[in-house]
Structure formats: C-alpha cells, structure tokens
Amino acid sequence: MSAHVESFSYDDAIVRKFLWATFIWGLVGMLVGLVIALQLASPWFNFDTAWLSFGRLRPLHTNAVIFAFAGNAIFTGAYYSTQRLLKTRMFSDGLSSFHFWGWQAIIVAAAITLPLGFTQAKEYAELEWPIDIAIAVVWVAFAVNFFGTLARRRERHIYVAIWFYIASIVTVAILHIFNNLSLPAGLLKSYPIYAGVQDAFMQWWYGHNAVAFFLTTPFLGLMYYFMPKAAERPVYSYKLSILHFWTIVFLYIWAGPHHLHYTALPDWASTLGMLFSVMLWMPSWGGMINGLLTLRGAWHKVAEEPVLKFFVVAITAYGMSTFEGPMLSVKSVNSLAHYTDWIIAHVHTGALGWNGFMTFGMIYWLAPRLFQAPLFSKKLAELHFWIATFGILLYVAAIYSAGITQGLMWRAFDETGRLAYPDFVETVVRLIPMYWVRVAGGTLYIIGMCVFGYNILRTWMARPKTYDVPVVSAPKLPATYVDPTPVPAGAGLWARFAAARWHHRWERLPLTFTVMVVLAVVVASLAEILPTFLIRSNVPTIASVKPYTPLELAGRDLYIREGCFNCHSQMVRPLRHETERWGEYSKPGEFVYDHPFLWGSRRIGPDLARVGGKYPDLWHVRHFEEPQALVQNSIMPSYAHLGRAPLDFEGIQARVDAMVMLGVPYGDAVRDAPGQAREQARTMAEAIAASGGPAGIGDREVIALIAYMQRLGKDIKQAPPVTAEAGARP
Amino acid sequence: MKLSDVMSAAGLSGYAIVALLLFVIAFLAIVVRTFAPGSAARHARDARLPLDDDEPGPAVRAGE
C-alpha cells in the first residue's frame with residue numbers, strides 16, 4: 001500500500017520576524033549591559049537619574065539578553081527546524097503570530113516596568129505579576145502550536161533536537177509558574193507566597209534551571225540541527241545525543257542549591273546540589289564532544305566558513321562554562337567565588353560565547369535561505385567573528401581577574417590575625433581598572449553586533465520582490481505504525497531492553513515522551529522541594545525575630561524598587577573572614593517574614609545583613625544624598641531623589657494586608673498601618689533634625705528606607721537560644 | 001499526624017547519597033540501553049533527519 005503524498009509549504013515569514021527581533025533586542029540588551037558596565041567603572045554614568053541607576057538597569061540587561069535576545073533566537077531556530085524535522089507547517093499561523101507579538105509586547109512591558117522600579121526582586125524573574133501571567137499565556141500558546149505541529153507531523157521519528165525543545169517548553173512552564181506564585185498587593189506589586197529560606201530555594205531552583213532550560217537545552221536543540229546542516233554531515237553520534245539528553249534532563253533540575261552554599265539553606269540540600277552539579281560534567285562534555293566531532297573530516301571547512309567558526313567557538317564556550325559550572329558548585333571553590341565577579345565572568349563565557357555565537361552562526365546560515373539572497377559579505381562575517389572573539393576574551397580575562405582578586409582580598413588576614421582589607425571599598429577600588437577593560441571587551445562585542453546587523457540588513461535588502469515559497473511533498477503518516485524491524489518472538493525482556501525498542505517507541509510517541517520528561521523533572525524537583533518545606537528543623541524559628549514595622553516594610557519595598565539587592569547581599573556565611581567583617585553568621589530563622597528573600601548574589605557593595613545600628617540615621621541620610629562624601633571612592637550612585645520624593649503612607653496598608661494574608665502576624669498594624677508608619681517616621685525625622693540633619697524628611701521616602709536598614713540584623717542580637725522544636729512557621 | 005511530622009522524623013541525613021545512587025543507576029540504565037548492539041542502523045537513519053529535508057540550498061552570488 002503506497003502512502004498518500006501531501007504537498008505543503010513552510011511558514012518562514014514567522015522565522016524572519018523572530019530573526020529581526022533577535023537582532024534588535026540583542027543590540028538593546030547589550031547596550032544596556034555596556035551602560036551598567038560603565039556605571040561600575042564610574043558612578044558618573046548613573047547620570048543622577050533614578051530610572052537609569054545600576055540597580056534598576058541591571059535586571060533590564062539580564063532580562064533583555066536572556067528572554068529577548070536568546071529567547072527570540074530560540075524561537076527563530078525552533079520555528080525553522082521544527083517544521084522541517086517534522087515535515088509539516090506549524091500547527092497554526094495565528095498562534096505563531098500571537099506568540100511573536102505577545103513575546104515582543106512582554107519585552108516592551110519589561111523595558112518599561114523594570115527601569116521604573118517594578119520588580120519582584122528575584123533574579124531572572126523580576127517581572128511583576130500581570131506580566132508573569134502574560135508570559136504564561138504566550139508560552140502556552142507556543143506550546144499548543146508546537147505540540148499541535150508534532151501531532152500533525154509527517155515524519156514518524158522525533159529527532160533529538162525536538163526532544164530538547166520539548167524539555168525546554170514543559171520545564172520552563174513548570175519553573176515559571178511555581179517560582180512566580182505570589183500575592184498581588186497592587187497593580188504592579190506583589191509578594192511571593194514563599195518566605196526566607198524556602199523562597200531562596202524556589203528562586204534558585206528556578207534560576208539555575210532557567211539557565212538550564214532556557215539557555216542550554218533549547219540551544220542544544222539548535223546545535224543538533226544547525227551543526228549537521230552547516231557541516232553537511234550527520235551528528236557524530238546519535239547514541240551520545242540520547243545519553244546527552246536524558247542525563248541533562250535528569251541531572252540539571254537537582255543542581256539549583258549550589259547557588260546557596262554556606263547560606264542559611266540546609267546543608268543536605270546544598271550537598272545534593274553540589275553532587276548533581278558535579279555529575280553534570282558528564283553529559284555536558286558528552287554533548288560538547290558530540291557537537292565538535294560532527295565536524296569530523298570537515299575541519300578544513302572551518303577555515304573558510306564563518307558559520308562553522310561561530311559554531312566551533314560556541315560549542316567550545318559551552319564546554320568551558322560547563323566545566324567551570326560544576327567546579328564552582330564544589331563548596332570550597334564556591335566559598336571563594338560566590339558574591340564575586342568570578343560568577344559574572346562564568347555567566348558571560350556562556351552567554352557571549354555559547355548563546356551569542358550559536359545565534360550568530362545560526363543566523364548567518366539562515367539569512368541567505370530566509371531572504372533568498374546571498375549573504376552580503378563573508379568578509380564582514382569573518383570580521384564580526386574576530387572582533388567578537390577578541391571582545392569575549394578581553395571581557396572574561398578582566399572579570400575572572402576581578403573576581404579572584406576580590407575573593408582573595410575578602411578572605412585575606414594579616415600577620416596579626418586581622419582582616420588585611422577591613423575597609424570593603426578597598427576591595428572595590430582594586431577592581432576599577434579591570435572594569436574598564438570589561439567596558440573595552442563589551443564595546444568590541446557590540447561593534448561586532450553592529451557589523452552583524454549591517455551584514456544581515458544588506459542581505460535582506462537584496463531579497464526578491466516577493467519571496468519564493470517552495471512547495472514540499474511528503475507522505476502522510478499512516479494511522480498505524482508497523483515496525484520495519486520487529487523484535488523476534490521470544491526474545492525476552494533483556495533483549496527488548498538491550499535492543500532499546502522501548503525508547504525508540506517513545507521517540508515516535510511525543511505525548512509519552514513528554515510525560516517521561518515531565519516525570520523526570522517533577523520527581524527530582526519534589527524530592528528536593530518537599531523536604532525543604534516540610535522538615536521543621538530546616539528553619540528553626542527565633543523567638544525575637546518579629547515582622548517589620550509598617551514603615552520598615554515600606555522601606556523594604558523601596559530597597560526592592562531601587563534594586564539594592566543587585567549590589568548588596570544580606571547573608572553572612574559561616575566563614576571566619578565573613579564573621580570578622582560583618583558579624584554573626586545568618587540563621588534560617590531570621591528570614592521567616594522575608595517575602596521575598598533578599599540575600600542577593602553579588603557584593604558590589606558591602607553585605608547589609610548586620611548593618612542595623614552600625615551607623616546613625618543621619619549617616620544614612622548623607623550617604624544616600626552623596627555616597628562619595630562619606631565613603632571615598634565608593635561607586636554607589638546617589639539616591640538623593642529619595643530625600644525629595646514623598647512617601648506614600650496610605651499605600652502601606654494594602655502591603656501590610658497582603659503580608660497578613662501570607663501569614664505574617666501584624667497585630668495592630670492590620671487596622672492602622674499608615675498611622676503607625678507616620679508615628680515612627682516622625683520620631684526618626686525629629687531625631688535626625690536634632691542631630692544636625694535636614695528638617696522635614698519625616699514624610700520622604702528616605703526615612704522609610706533608613707528605618708528598614710536600621711532594622712537589619714538587630715533581632716538576632718536580642719535572640720534567645722534557637723529552638724528547633726518550636727517548628728517552622730506554618 | 002501532619003506530613004511535616006512524618007518528614008521531620010524521617011531522618012533524611014543520608015538523602016543526598018540515596019538520590020545520588022538512584023540517579024547513577026538511572027544513568028547506567030541509559031548507557032546500557034543506548035550503547036547496546038543492534039540499533040546502529042536505526043540510529044544512523046535517525047541522525048540523518050536534518051539532512052533529509054529536501055531544502056533548496058542557499059542563494060549564491062553569480063560566479064560563486
């Protein structure tokens with residue numbers, strides 16, 4: 001019986017749209033990155049403007065390069081390759097269009113709200129709840145379109161690239177939903193339902209796996225499709241790709257806690273994260289080797305073909321970052337690297353090298369096919385490659401040096417047993433030259449991006465008046481599958497297992513395959529999450545730890561709005577140099593009312609966990625006005641606007657009410673939060689004025705922020721012994 | 001009795017090792033399954049899927 005042959009065409013218009021979005025948002029995201037790099041080299045580049053300050057722009061940079069640049073690159077490659085691998089047009093052109101415009105609208109919403117200070121304070125999950133809902137809706141539309149395409153495919157076997165897309169789509173959905181569960185306290189304000197240790201755990205379960213399932217697995221899918229296309233030979237080992245896939249899916253989801261070593265996270269979770277991170281070496285390097293060896297017998301093409309040059313460096317960068325990631329997850333290494341620029345260098349090896357170069361290589365390969373015109377200039381593509389490669393090297397060499405310098409200076413003791421660099425700003429000043437080298441490296445990368453854009457633009461300008469739409473033919477899949485090589489009768493269970501029939505069966509059953517992926521992800525996640533949430537001894541309560549006052553809560557929200565957590569941690573690790581510098585190490589029970597947790601991941605400025613009472617209120621007033629007047633060589637921007645902006649006392653009630661709904665025992669404040677806040681602000685403002693400070697700041701935002709900072713770390717100083725038996729707060 | 005009582009009393013100090021062992025076993029199963037003999041031809045065919053999409057080549061400049 002001959003199969004019925006059907007004719008159809010691919011939707012390349014949507015691929016072209018995503019391609020342009022990749023370039024435009026990539027350029028925007030990288031330019032914002034350059035601005036914040038300049039801000040670290042000199043605070044002058046904050047321009048004394050609130051919405052241009054580092055704390056507000058840093059999340060814009062990370063969101064733009066991850067979700068706008070890399071996101072659109074993923075969609076470009078996935079829409080192109082999925083249709084061809086499955087031999088069918090996308091399930092719905094309408095859903096494709098909705099996905100494209102919806103995603104761009106989300107990016108615009110992020111670009112507006114983040115500089116205005118609307119943030120959830122969770123890294124890579126900063127966007128507020130209405131945008132989170134929009135992301136979920138658009139992602140579901142993408143998923144429906146993708147799985148609908150799978151259902152209508154004309155190729156029985158699902159190629160390994162599609163497996164990686166499936167894992168990415170379902171896992172990102174799970175991560176996004178569970179990390180963003182929050183209670184709205186206004187149109188663009190919410191508090192996560194989790195607090196303290198549990199919030200930190202959820203955040204880094206999400207954060208690490210956002211790297212895994214947004215910046216790694218979809219790009220691996222692209223690698224497994226576009227590398228063979230560019231090299232004109234099949235992937236080196238299909239078997240290795242199967243191994244690569246399942247081990248990545250099994251292992252990655254466990255690794256998140258390595259972001260929280262030596263914090264108040266329970267030690268068992270931290271160890272578990274480390275073990276699984278170390279195991280990730282195997283699949284990651286297996287995948288890298290598989291990618292590079294796809295060029296077997298074709299290495300001579302690398303010298304002539306810029307696409308292959310980009311791919312080779314991209315896969316090498318993948319290998320480097322996935323070697324370094326497990327190494328950084330080892331606790332002893334992590335104790336040096338955590339909170340330093342080393343992590344920034346690690347991230348940029350992956351982002352600029354792996355994600356950036358995979359994207360550039362893919363688009364150079366796609367552009368002549370999508371625009372149906374020859375690439376404008378191969379020489380310009382070569383130029384782009386060398387400029388960007390040199391830019392990456394400059395960037396990471398400088399920032400690795402900065403990170404290691406910083407880590408070593410923090411932990412250095414002199415011969416008398418005292419901290420060798422007790423003044424934190426000394427460790428900042430030492431990095432400034434390296435920050436300027438980073439600016440140079442980043443500038444080169446952006447110049448390369450402009451060359452890339454010009455080359456693609458000129459290629460597009462040479463397009464035909466109307467695009468040719470090739471008609472493709474493929475036989476329709478028969479309703480029933482007949483295995484061309486059936487297992488011999490009586491072969492037995494072992495023979496069936498060894499012959500891998502079961503897996504090959506999954507490979508043509510996308511629903512079963514997807515369920516297996518979801519199971520791997522969910523089981524691993526629950527195995528880590530449930531004990532963290534349910535074992536009481538994980539979060540021993542501390543009797544003296546009380547909720548923030550309404551004014552302190554308002555101040556905490558300002559701390560979040562200004563993005564202070566992007567530069568300041570609130571977590572003293574139980575390491576001698578940390579306790580010498582900052583004071584008593586942080587305990588899990590200190591954070592039970594922290595919705596969200598604000599431990600931070602970086603110390604551009606000093607840790608603030610024990611800052612309460614360290615300086616008088618007036619010091620803070622002056623410091624916010626002009627940091628350099630009190631700390632010479634500080635790179636902190638001025639927050640003088642906080643002394644001018646009126647504090648919204650009436651708005652505090654809704655925030656207290658939301659906290660009460662989350663279980664924070666607020667007592668009388670439930671009835672009169674604004675009144676209590678006004679009273680505390682008035683008392684503080686009078687004391688500041690009496691000590692020679694400015695008068696009339698009792699109704700300004702700065703008073704709330706000072707109230708919050710003066711509270712930090714104070715409760716523990718009055719603490720009775722920790723009581724594990726008291727149990728975690730429900 | 002609450003779930004938190006059960007979990008708190010479960011003594012999960014060796015949990016990391018148990019999880020490690022489980023996933024090493026899963027990994028070994030995948031290795032055995034993947035590298036078992038008899039599936040080479042099928043995998044070779046699967047690996048060629050990206051190259052079999054009958055796409056026209058890229059546009060080239062005259063004379064190239």
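Modeller: Helices here are DSSP runs of H or I with at least four residues, numbered from the N terminus. This is a predicted model, and chain B reads α-α-α along its sequence.

Biologist: Thanks! How many helices and strands does that give chain B?

Modeller: Chain B has 3 helices and 0 strands. Of its 64 residues, 30% are buried.

Biologist: Now to chain A. Why is the pair A:F45 and A:F47 called edge-to-face?

Modeller: Rings pair if their centres lie within 6.5 Å, and planes over 60 degrees apart count as edge-to-face. The centres of A:F45 and A:F47 are 6.2 Å apart and the planes make 85°, so the pair is edge-to-face. The whole structure holds 64 aromatic pairs over all chains.

Biologist: And what makes A:F47 partly exposed?

Modeller: Its relative accessible area is 40%. Buried means under 20% and exposed means over 50%, so A:F47 falls in between.

Biologist: How do you know that the charged end of A:R16 sits over the ring of A:Y467?

Modeller: The charged end of A:R16 is 3.7 Å from the ring centre of A:Y467, and the distance cut-off is 6 Å. Likewise, the charged end of A:R576 sits over the ring of A:F413, 4.0 Å from its centre.

Biologist: Which residues of α7(A) meet α12(A)?

Modeller: Among them are A:L220, A:M223 and A:F226, and on the α12(A) side the contacts include A:F311 and A:Y318.

Key: Residues are numbered from 1 along each chain as its sequence is written. Chains are lettered from A and ligands numbered from 1 in the order in which they are written. This is a predicted model: local features need pLDDT of at least 70, side-chain atom pairs count only at pLDDT 80 or more; totals for chains, interfaces and linings use all residues. Side-chain values use heavy atoms; hydrogens and water are left out. Helices (H or I, at least four residues) and strands (E, at least two) are DSSP runs, numbered from the N terminus. Buried means under 20% relative accessible area, exposed over 50%, partly exposed in between (1.4 Å probe, protein chains only). Rings of Phe, Tyr and Trp (its six-membered ring) pair if their centres lie within 6.5 Å; planes under 30 degrees apart count as stacked, over 60 as edge-to-face and the rest as tilted. A charge sits over a ring if NZ of Lys or CZ of Arg is within 6 Å of the ring centre and within 35 degrees of the ring normal. Contact means heavy atoms within 4.5 Å.
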